[in-house]
Every structure is written in C-alpha cells, then in structure tokens.
Amino acid sequence: MKRTYTYFAGMVALVILTVPVFARAQSDEIKSTRKEVIEAIDRLSAIKDQELSPAERVRREAELKRAALEKILTLSDLETRGLRLRVAGTADIGDAFVPLREDLVTRLDGYGDYFAGMKRVLKNTVALDDIQKLAGQFKDWRDSTYNPETRKAAEFVLSFQNRDALKTADQRLIKIGSDLRRHKVLKSKIEIWQSTLMRAAQNLKQAHQLNDQALEILAGYIPRQIEEEMT
C-alpha cells in the first residue's frame with residue numbers, strides 16, 4: 001500500500017510540477033481540480049491505516065486509484081486547453097512563426113483526444129493491476145511526448161510575451177530619459193540619473209539578446225516539412 005501511495009503521489013507531482021501553466025492566469029476550474037487531485041491521493045493514502053479485509057482493501061484501492069487517475073487526466077486536459085488558448089491567441093508573431101503556432105495548436109488539440117480516450121479505457125478498467133498499468137502508460141507518455149511538446153508551447157507564448165514587455169520597457173526608458181532632460185530642476189543630479197539609465201539600458205540590451213536567442217530556438221522548432229514549404 002505504501003508503494004501504491006508513493007506511486008500515485010508521484011503522478012500528482014508529475015502533473016502539477018511539469019505542466020507548463022501560467023499560475024496567475026489559472027481558472028477557478030483548474031484550481032478546484034488541482035485540489036480534488038490532492039484530496040483523491042489523500043483518500044488513497046488513508047486506507048493504509050484502515051482495518052479492511054484483503055478483498056475489501058483491493059476493491060477500495062482499485063476504486064480510489066481509478067478516481068485519482070481520472071482526476072489527474074481531467075486536470076491535465078484543463079491545463080492543456082488553457083495552454084492551447086494562449087498559444088492560439090499569441091498575436092503579432094510574424095509570418096515565419098505562424099506554421100509553428102498552428103502545429104502547436106494541432107498537437108495540443110490531439111492531447112485532448114488522448115485524455116478522452118484514456119478516460120474511456122479507464123472507465124472499463126476494473127482490475128487493480130490493470131489500473132496501475134494504465135497509470136504507468138500515462139506516465140511514460142507524458143515523459144516521452146507530452147512534457148517536451150507542452151514545454152515548447154509554453155516557450156512559444158513566453159517568448160512573444162517577453163518581446164512585447166521589452167518593447168514597453170524600451171518606450172518607458174526613452175520617456176524617462178526625455179523627461180529628465182526636460183526638467184531643469186533635475187539638471188544638478190543628471191549625472192546620477194544618467195548612470196542609472198545607462199545601467200537600465202544595458203540590462204534591457206541583454207534581455208533583448210536573450211529573448212532573440214529564445215526566438216531563434218523557437219525557429220528551430222518549425223516542423224521541417226512546413227519550413228520546406230515556406231522556402
């Protein structure tokens with residue numbers, strides 16, 4: 001039983017820590033489902049301290065494992081849908097990145113189909129060993145396929161968000177410099193402000209370079225067949 005709890009607790013960590021979500025933008029439904037996942041694992045853990053017959057323990061363990069895995073699938077689906085909306089809604093990306101955005105959206109839609117299919121299989125899975133096997137298959141799929149692709153999708157969103165934020169920072173820095181030069185009352189301290197502005201400008205330059213590198217990496221994700229069609 002301890003091994004069972006540890007395995008499913010690890011599954012929870014796998015879902016909660018590796019899905020590239022945007023914490024401040026999570027919906028109430030995602031937050032509620034995350035809580036339900038943790039509660040399902042807690043219920044699974046609790047039966048190890050209950051006095052049950054061997055047959056009843058197996059039955060309860062299978063029941064609780066199925067419920068926990070179903071919640072994990074639901075949470076994965078919700079977070080994937082949220083990420084899909086962010087990818088699809090990323091604007092002003094330039095023609096070169098449109099095929100990548102479309103490819104990522106298609107892949108994320110496909111993951112929704114995968115979760116639905118897993119739920120259908122789980123619904124008809126009764127034996128404890130079969131439920132455990134299904135959970136193992138899900139974990140392997142996440143490690144090999146889902147996590148790399150969703151990280152790529154998150155990088156896509158964040159790279160363009162950062163680009164827009166850097167543009168705003170550039171504009172604010174220019175405005176601050178202009179305001180300082182215009183206000184005579186600050187001329188006595190202009191050297192201090194100039195030093196601060198120069199450091200800010202240097203930091204922004206480095207941030208632009210890092211974001212440019214991130215966009216270059218994204219360009220390398222463009223599916224080869226799409227890239228060939230573009231050239």
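The model is predicted: local features need pLDDT of at least 70, side-chain atom pairs count only at pLDDT 80 or more, and totals for chains, interfaces and linings use all residues. Residues are numbered from 1 along each chain as its sequence is written, and side-chain values use heavy atoms, with hydrogens and water left out. The protein chain has seven helices and zero strands, where helices (H or I, at least four residues) and strands (E, at least two) are DSSP runs numbered from the N terminus.

**The chain as a whole**

- Along the sequence, the pattern of the protein chain reads α-α-α-α-α-α-α.
- Of the 231 residues in the protein chain, 37% are buried; buried means under 20% relative accessible area, exposed over 50% and partly exposed in between, with a 1.4 Å probe and protein chains only.
- The protein chain has an accessible surface of about 14,000 Å², and carbon and sulfur atoms hold 53% of it; such areas come from the Shrake-Rupley method with a 1.4 Å probe, and for residues only the protein chains shown count as cover.
- Among contacts in the protein chain with a separation of 6 or more, 81% are between residues 24 or more positions apart; contact means heavy atoms within 4.5 Å.

**Helices α2 and α3**

- Helix α2 (residues 28–46) packs against α3 at an angle of about 160 degrees, and their axes are 9 Å apart. Axes are lines fitted to C-alpha atoms, for helices over the stretch in contact, and angles run from 0 to 180 degrees between N-to-C directions.
- α2 and α3 are therefore roughly antiparallel to each other; angles under 35 degrees count as roughly parallel, over 145 as roughly antiparallel, 65 to 115 as roughly perpendicular and the rest as oblique.
- The crossing of α2 past α3 is left-handed, which is the case if the near helix is turned anticlockwise from the far one by less than a right angle; clockwise is right-handed.
- By class, the contact of α2 with α3 has 10 nonpolar, two polar and eight charged residues. Ala, Val, Leu, Ile, Met, Phe, Trp, Tyr, Cys and Pro count as nonpolar, Asp, Glu, Lys and Arg as charged, and the others, Gly among them, as polar.

**Helices α3 and α4**

- Helix α3 (residues 54–88) and helix α4 (residues 98–123) pack at about 165 degrees, with axes 9 Å apart.
- α3 and α4 are therefore roughly antiparallel to each other, and α3 passes α4 in a left-handed crossing.
- By class, the contact of α3 with α4 has 12 nonpolar, four polar and seven charged residues.

**Leu-73**

- Leu-73 is in helix α3 and counts as buried, at 0% relative accessibility.
- Beyond its neighbours within four places in sequence, Leu-73 is in contact with Phe-115, Met-118, Lys-119, Leu-122 and Phe-138.
- From Leu-73 to Met-118 there are 45 residues in sequence and 7.9 Å in space, C-alpha to C-alpha.

- Asp-92 is in the loop between α3 and α4 and is exposed, with a relative accessible area of 66%.
- The phi of Asp-92 is near 55 degrees, a positive value in a residue other than glycine. Most residues other than glycine have a negative phi.
- Asp-130 is in helix α5 (residues 128–182) and is partly exposed, with a relative accessible area of 42%.
- Asp-130 and Ala-62 are 68 residues apart in sequence and 9.3 Å apart in space, C-alpha to C-alpha.
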